[in-house]
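Here is a friendly walk through one protein model. Please have a look at the sequence and the structure first.

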Amino acid sequence: MIAIGCDHAATEYKKEIKALLEKRNEEILDCGTQDGESCDYPVCAEKVALAVAGGKCEKGILICGTGIGMSIAANKVRGIRCALCADVFSAQATRLHNDANVLAVGQRSMGIGSVLKIVETFLDTPFSGEERHARRVGLISEMEKKYFK
């Protein structure tokens with residue numbers, strides 16, 4: 001299952017991404033928002049992050065104006081490795097090297113065609129599992145244990 005969420009600046013892209021996910025026969029957990037009414041992006045980011053960190057969803061997708069705020073907020077949840085990606089290469093690299101489990105993108109900063117390609121790349125790219133990358137992801141987990149009280 002894929003958790004998806006957006007703030008008021010990104011409802012149109014969320015609809016487009018959901019349509020893509022439905023075409024791919026992905027199960028979707030929609031964590032809001034549903035309309036253009038102003039809302040606080042950390043609330044949505046937390047819902048998606050908790051669904052992924054808690055094991056309810058395999059991955060998450062967050063959309064706001066730039067993706068910046070969503071990525072910062074999501075990364076406050078232990079176990080989340082949220083990557084803000086603006087190109088296909090970054091989406092592929094963050095899955096291969098960082099085992100990122102949440103993707104953040106921006107509606108105001110990117111075209112929908114690019115965003116859909118980034119989403120597909122993120123979902124289709126596995127973690128490489130190479131020793132050096134697994135070690136580095138492990139070091140990130142150790143930092144979480146140390147600093148997240």
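## A residue to start with

Is T11 buried or exposed? T11 counts as buried, because its relative accessibility is 11% (buried means under 20% relative accessible area, exposed over 50% and partly exposed in between, with a 1.4 Å probe and protein chains only). T11 lies in helix α1 (helices, H or I with at least four residues, and strands, E with at least two, are DSSP runs numbered from the N terminus). Leaving aside neighbours within four places in sequence, T11 is in contact with C6, T33, Q34, D35, G36 and Q107 (contact means heavy atoms within 4.5 Å).

A word on the basis: this is a predicted model, in which local features need pLDDT of at least 70 and side-chain atom pairs count only at pLDDT 80 or more, while totals for chains, interfaces and linings use all residues. Residues are numbered from 1 along each chain as its sequence is written, and side-chain values use heavy atoms, with hydrogens and water left out.

## Nonpolar cores

The largest nonpolar core has 22 residues, and I17, I61, I63 and V119 touch the most other members (such a core is a set of buried Ala, Val, Leu, Ile, Met, Phe, Trp, Tyr and Cys residues joined through side-chain atoms within 4.5 Å). At least two residues of this core come from each of β1 (2-6), α1 (11-23), β3 (59-64), β5 (102-106) and α5 (112-124). Helix α5 gives the most, with five residues. Apart from this core lies another, of 19 residues, among them C31, V48, C64 and A74.

Not counting residues up to four places away in sequence, I61 touches I2, A3, I4, G5, I17, L21, V48, V102, L103 and V119.

Strand β5 is largely enclosed by the rest of the structure, because five of its five residues are buried. V102, A104 and G106 point one way from β5, and L103 and V105 the other way.

Strands β3 and β5 run parallel and are joined by five bridges (two strands pair if DSSP finds at least two bridges between them). G60 stands opposite V102 in β5. On β4 (residues 82-84), which also runs parallel to β5 with three bridges, C82 has V102 as its bridge partner.
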